[in-house]
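Look at the model first, then read on.

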Amino acid sequence: MSSYALSRHHSQHSWSPLIFDVILWILFLGPIASPLLRATGLPLVSETGTLARELLATYICPTPERSLWLLGWPMAVCARCWGATIGLWLGRLAIGDRAPALLRRYRSLHWSWRLLLSALPFLLWPLEIVGHYSGWWFAPLWLLLVNGIQAGFAAGIFFASVWPGLWPAARTGESVPSLQ
């Protein structure tokens with residue numbers, strides 16, 4: 001009886017980085033658009049800003065009362081959530097050939113380890129939220145922003161590491177596991 005080894009070729013499908021960047025721009029500009037639309041005072045435009053605030057504050061943001069204010073109106077999400085979008089952008093900008101050695105080492109880890117490492121900074125969020133609502137402390141908005149930025153950065157490098165084609169191909173001698 002003969003046995004044959006079947007070679008299985010995995011093609012690395014590359015997605016356009018433009019899609020990733022458009023998503024990041026929407027996440028970054030969306031919460032800013034809400035107070036700007038509300039500040040116009042125009043009937044349909046203002047209600048659109050109010051709707052965006054209500055949807056995001058109800059279904060996305062855990063502490064909408066902790067929002068930054070722009071032109072007399074609160075942003076659509078809290079300072080922590082908006083900081084996360086800033087961190088996502090920082091993570092996006094930190095990848096690729098210009099990535100420091102530590103990020104290239106991070107990229108060489110299996111995707112499940114990358115996910116675990118990127119999820120750790122988010123553990124500060126429930127701690128801060130529970131402490132806030134329990135009355136143990138009242139963190140200033142700048143601290144929420146910094147908390148969001150560091151967690152968003154971790155998420156940003158994770159998403160950039162698994163987005164096909166976003167991180168440039170590995171150089172010779174650099175192993176990069178696939179997302180299998």
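## A cut-off to start with

A residue counts as buried when its relative accessible area is under 20%. Trp89 has a relative accessibility of 16%, so Trp89 is buried. This holds for a predicted model.

## Overall make-up

The protein chain has 7 helices and 2 strands. Read from the N terminus, the order of elements is α-α-β-β-α-α-α-α-α.

Of the 180 residues in the protein chain, 38% are buried. Take the contacts with a separation of 6 or more: 69% of them join residues 24 or more positions apart.

## Helix α1 against α3

Helix α1 spans residues 17-40, and helix α3 spans residues 79-93. Their axes come within 9 Å. The crossing angle is roughly 155°. Angles over 145 degrees count as roughly antiparallel, and α1 is therefore roughly antiparallel to α3. The crossing of α1 past α3 is left-handed.

On the α1 side, the contact uses Pro17, Phe20, Asp21, Leu24, Trp25, Leu27, Phe28, Pro31 and Ile32. On the α3 side, Trp82, Thr85, Ile86, Leu88, Trp89 and Arg92 take part. By class, the contact of α1 with α3 holds 12 nonpolar residues, 1 polar and 2 charged.

## Trp89 in the α3 side

Trp89 belongs to helix α3. What does Trp89 touch, once its neighbours within four places in sequence are left aside? The partners are Asp21, Leu24, Trp25 and Phe28. Each of these four is also listed on the α1 side of the contact with α3.

Trp89 can also be placed relative to Ala155. The two residues are 66 apart along the chain, and their C-alpha atoms are separated by 9.9 Å.

## Helix α1 against α2

Helix α2 covers residues 43-59. The axes of α1 and α2 come within 7 Å and cross at roughly 145°. Here too the crossing is left-handed, with α1 passing α2.

From α1, the contact draws on Ser34, Leu37, Arg38 and Thr40. From α2, it draws on Val45, Ser46, Thr48, Gly49, Thr50, Ala52 and Arg53. What classes make up this contact of α1 with α2? There are 3 nonpolar, 6 polar and 2 charged residues.

## Ser34 in helix α1

Ser34 lies in helix α1 and takes part in the contact with α2. Is Ser34 buried or exposed? Its relative accessibility is 1%, so Ser34 counts as buried.

Residues up to four places away in sequence are not counted in what follows. Ser34 touches Gly49, Ala52, Arg53 and Ala76. Among these partners, Gly49, Ala52 and Arg53 are on the α2 side of the contact with α1.

## Helix α6 and its buried side

Helix α6 runs over residues 124-133. Which residues of α6 are buried? They are Trp125, Glu128, Ile129, Gly131 and His132. Around the axis these residues cover an arc of only 165°, so they sit on the same side of α6.

What do the buried residues of α6 pack against? Their partners are α3 and α7, the latter at 141-162. After α6 comes Gly135, which has a positive phi near 80°.

Terms used:
Residues are numbered from 1 along each chain as its sequence is written. This is a predicted model: local features need pLDDT of at least 70, side-chain atom pairs count only at pLDDT 80 or more; totals for chains, interfaces and linings use all residues. Side-chain values use heavy atoms; hydrogens and water are left out. Axes are lines fitted to C-alpha atoms, for helices over the stretch in contact, and angles run from 0 to 180 degrees between N-to-C directions. Angles under 35 degrees count as roughly parallel, over 145 as roughly antiparallel, 65 to 115 as roughly perpendicular and the rest as oblique. A crossing is left-handed if the near helix is turned anticlockwise from the far one by less than a right angle, and right-handed if clockwise. Contact means heavy atoms within 4.5 Å. Ala, Val, Leu, Ile, Met, Phe, Trp, Tyr, Cys and Pro count as nonpolar, Asp, Glu, Lys and Arg as charged, and the others, Gly among them, as polar. Buried means under 20% relative accessible area, exposed over 50%, partly exposed in between (1.4 Å probe, protein chains only). The arc is that of the directions from the helix axis to the C-beta atoms.
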